[in-house]
Amino acid sequence: MSMAHKFAMVGNASHRIMHVIMSDFAIRTEEVFPTMRRAPVTEAVLELRTRAEAPWEAEVITKRLTEVLPDLPKTEPLHGMKMPLKANPSPLAHTEDLGWLGVVMRSADGKQAATFQRDSFGFSLLAPYPGWETFVERALAVWQVHQEVARPGELMRIGLRFINRIPLGQNPIELDDYLVAGPKALDGMPLAGFLQSETMTVPRSDYQLQIIRTIQPPQGAYAQAGLIIDIDVGTTQPWEGTAAALRTRLQEMRWLKNKAFFGSLTEKAQVLLK
Amino acid sequence: MTLDMPYSYFSAPPAVVRTMGFGSDAQFIDSRALESHERLSHAWSLDDGRRQVQEALVERFENASRPGWDGYGAEAVSQATYRHAYGVVEALPRGFPMPTVGAEPDGHLTLEWYRNPSRVVSVSVSPEGDLHYAALLGSAARRNGTEPFLGSIPADLLEIIRRVMSV
């Protein structure tokens, strides 16, 4: 392994934590990743968790949002549901409405969706993925509307999630052709499914990365099984900053997302997507 | 491959918070991940005491969900308060010390980590999802404040609980 490893003691004397730090790891947003003509992104999401400081009133909020976001014309209220108290509740236990939480607004074609809640904002863009610049500009424009309406405080979490789905051929599927570190079957027992979930910390930063890899059988609009690579980059500390600083953070998170994606795929799989 | 995993609950990171998703693929992944998580958390042999706290929370809520539940005109504990408190317990890192549960006359639920009379932290969960906390960290040090609960336990509060419960 080319990376030099060293051990460092961090934390105070009473409960020191041993961390393994890759000394030469750094976020390099200038790094250029391969361009893919067939980007397998099925959904890109920006989520910002923060509490609204403006009064969170259904009528006022919904009216204002529909006025300023005419390109998200499909509006649905979000309601809280009663939480079951028993481990195996009857279906009826879920049905009690606990009141208005916020609103979901979608574009006419259903490809864009934004949620506005007292404690969070989310923007999601479904396939076909138009590219980072388009996604982030649109997400930040809608976030600006949320800021005007909700007047949120500091950001408790910034989340950037990219779900990728790579169509797989017919059986037998050789997962090692696609994944650098895929699941391993035992001798004589073919793999019928898998779910890998990995969480990583990012040295010298407050980012955390979670990658989920799984197989999705043919379903809905998909005629073929697909290899899912779900990458979720999030912050772990409260943060407050300017719009420009938020953009810088998103660039860093994008780099981590790309690193995770291309680091998961074999060269053979990357060629298939070019 | 290097595993950089905390060796005790004092250094355990908060439970991983997931970013939302809208599409059918997000629903598929989230349901698979939830199913996997539940399979582990429902195994008695792997329970870290969370189940007992959750059961205590249910009991407290059921007993305090009507006005005057204490016989002295206390406010009812609402579903919203219960949901937030349940969420806080769910968001504690795996293997972390579990709190005891109580209810207050103002309709809040409390979670308390008690080590001894001078090392204790009490978190009061409001219907709005605010966490009001007060901590004794030894004979002289005190901390208190309010943090919102937005699906994860604020790092400062988690650190205070660690300090209270550490040897």
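Which residues does A:Gly102 touch, not counting residues up to four places away in sequence?

What we have here is a predicted model, so local features need pLDDT of at least 70, side-chain atom pairs count only at pLDDT 80 or more, and totals for chains, interfaces and linings use all residues. Residues are numbered from 1 along each chain as its sequence is written, chains are lettered from A and ligands numbered from 1 in the order in which they are written, and side-chain values use heavy atoms, with hydrogens and water left out.

Okay, back to A:Gly102. Leaving out residues up to four places away in sequence, A:Gly102 touches A:Trp56, A:Glu76, A:Pro77, A:Leu78, A:Phe116 and A:Gln117. Touching, or contact, means heavy atoms within 4.5 Å. The glycine sits in strand β5 of chain A, residues 97–106. Helices here are DSSP runs of H or I with at least four residues, strands are runs of E with at least two, and both are numbered from the N terminus. With 0% relative accessibility, A:Gly102 counts as buried. Buried means under 20% relative accessible area, exposed means over 50%, and partly exposed is in between, using a 1.4 Å probe and protein chains only. A:Gln208 is 106 residues away along the chain, and the two C-alpha atoms are separated by 28 Å.

Zooming out on chain A: you'll find 4 helices and 11 strands, and 44% of its 274 residues are buried. Of the contacts in chain A with a separation of 6 or more, 66% are between residues 24 or more positions apart.

Most residues other than glycine have a negative phi, and most peptide bonds are trans. Where does chain A do something else? A:Ala127 and A:Pro128 are joined by a cis peptide bond, with omega about 5°, and A:Pro128 is in the loop between β7 (120–126) and α2. A:Arg151 isn't a glycine, yet its phi is positive, about 45°; look for it in the loop between α2 and β8 (157–167). A:Arg204 has a positive phi too, about 55°, in the loop between β9 (195–201) and β10 (207–216). This arginine is exposed, at 58% relative accessible area.

On to chain B. Its 4 helices and 5 strands run α-α-α-β-β-β-β-β-α from the N terminus on. Buried residues are 44% of its 167 residues.

How do α2(B) and α3(B) sit relative to each other? The axes of α2, residues 50–63, and α3, residues 79–91, come within 10 Å and cross at roughly 170°, and the two helices are therefore roughly antiparallel. The axes are lines fitted to C-alpha atoms, for helices over the stretch in contact, with angles from 0 to 180 degrees between N-to-C directions. Under 35 degrees counts as roughly parallel, over 145 as roughly antiparallel, 65 to 115 as roughly perpendicular, and the rest as oblique. Residues making this contact include B:Leu57 and B:Phe61 from α2(B), and B:Tyr82 and B:Val89 from α3(B).

Finally, confidence. pLDDT is the predictor's confidence in each residue, from 0 to 100. Chain A averages 87, chain B averages 88, and the model scores ipTM 0.80 and pTM 0.85. Over residues 1–21 of chain A, though, pLDDT stays under 50. Where pLDDT is low, the predicted coordinates should not be read in detail.
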